Amino acid sequence: MEKLVVTGGTPLKGDVTISGAKNAAVAIIPATLLVNGVCTIENLPNISDVKLYVDILKSLGAKVKWINLHEVTIDTREITSHEAPLEITSKFRASYYLIGALLGRLKKAKVGSPGGCNLGQRPIDQHIKGFEALGANITVANGNITAEADKLVGTNIYMDVVSVGATINVMLASVLAEGTTIIDNAAKEPHIVDVANFLNTMGADIRGAGTDVIKINGVQELKGNATYSVVPDQIEAGTFMMAAVASRGDITIRNCITKHLESITAKVIEIGGHVVSNGDHLRVWCTDRPHKANIKTLPYPGFPTDLQPQMGVVLSTADGISYITESIWESRFQYTAELNKMGAKITPSGKQAVFEGVEKLQGAPVYATDLRAGAALIIAGIVADGVTEIYNINHIDRGYENIEEKFKKLGAKIERIEE
Ligand code: EPZ
């Protein structure tokens, strides 16, 4: 068991370089199953979810060679299995992409139910609706999702909710289908565009990714022998933006796509922080106590739910009363109980939480309840007086590369300690 020990009180200063996007990487790795060849993926984040996914591909017959910590070559010419057991798939959410990818490639998949952060109900009915519309039979039984089809045929699919996972999964299943698939009310997150770009590089014909209508013209096969670089992580960049503001620091965030950070930049400026964007980097600083603000999480290009807890830390020490409305996940305020142990005054109630800003947080032992909650607690530890011990940090390691080293380089006093 490891914990992070943070001694607070240092404004963050300096440069940080953003890694490849976790949520793009965990879709692109299974997407390689659709390729009948070898492809090289660069700029992969060195995180446990990525390593786990690469191991799953190996177990399905793919030949994998790590070039370095961030680059892998995957040869998917011989896929020998269509099954991924529950004990592996339950370790993370993105295992659901195996259904779309294996169905697309082999016309059959038997995949254990996905796990991932506990954020409340996480249904996959829209994924299933999409696969069925393409002609697959889906059975959900004994913790497994089984998908089978004689052939997949393109059709029009209207998503009842805007879903990142369902949009990507249906895209994966339809790339090799006969005819044209149209996904209406599609999600528009940067990682949707990244997965489509990867597939197009391999010979797919996907148009409109990044808008709410995606058109996929089925092709006979995808060919490899190409190299693709994963997009920078919008959420990691946003996490450091929040850390800069919360600590009254001044940092430059390198290797990010500033366009992906517009909703976050707007909020930072609204609460009194400063942001200067410059191509692939961004300087963020804040000299005074942040002002109160109201936030509502929304699908992209709205304020991301995956930055809600980090923004919650900023608002917990803001001047005045702020309100956050969480409109994506029903249980994403679990971190507020941990922040309250540190002296915050947050009252969650259903989809909304009220943040009565306090002057200072105090260090305390706290538990990361999920990935982004863990990142938020690190920021809280950095701004608090005294020492904060963060437990359950395996959640954080699933999605952030080298997080304590990156914060240390910015001047934070943070250590990983084996218990
Ligand atoms: C993805 O989860 C991300 N995970 C999440 O990031 C992120 O919070 C979420 O998108 C929203 O941006 C990955 O990419 C691996 P959704 P996903 O399908 O795909 C409802 C993180 O911290 N819904 O977009 O599971 C659902 O209940 C993680 O990195 C249905 O009703 O999310 C939710 O309210 C946490 N039926 C909303 O849609 C469905 O079939 C959006 O979910 C699917 C979703």
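## The ligand pocket

A pocket is an open set of grid points, found over the protein atoms alone, with protein on both sides within 12 Å along at least five of seven lines. In this predicted model, the largest pocket is the space taken by the ligand.

Helix 5 gives the most, with three residues.

## Composition of the shell

The ligand is surrounded by 24 residues. The closest of these are Tyr96, Gln126, Ser163, Asp306 and Ile328. By residue type, the shell comprises ten nonpolar, seven polar and seven charged residues.

Domain 1 (2-19 + 232-418) and domain 2 (22-229) each supply at least three residues.

## Polar contacts and burial

Oxygen atoms of the ligand take part in several polar contacts. An N or O atom in the side chain of Ser163 is 2.6 Å from an oxygen atom of the ligand, and Ser163 is also listed among the closest residues. At Gly165, a polar backbone atom lies 2.9 Å from a ligand oxygen atom. For Arg332, the distance from a polar side-chain atom to an oxygen atom of the ligand is 3.2 Å.

The ligand taken alone exposes 830 Å², and the protein buries 90% of that area.

Notes. Residues numbered from 1 in each chain as written. Predicted model: local features only at pLDDT ≥ 70, side-chain atom pairs only at ≥ 80, totals over all residues. Heavy atoms only, no water. Near = heavy atom within 4 Å. Polar contact = N/O pair within 3.5 Å; in protein donor to acceptor, adjacent residues only side chain to side chain. Areas by Shrake-Rupley, 256 points an atom, 1.4 Å probe, with all protein chains shown as cover. 1 Å grid on protein atoms, 1.4 Å probe; cavity = no way out; pocket = protein on both sides within 12 Å on 5 of 7 lines; lining within 4 Å. Sits in = over half its atoms within 2 Å of the grid points. Helix = DSSP H or I, 4+ residues; strand = E, 2+ residues; numbered from the N terminus. Nonpolar A, V, L, I, M, F, W, Y, C, P; charged D, E, K, R; others polar. Domains from an automatic or database assignment.
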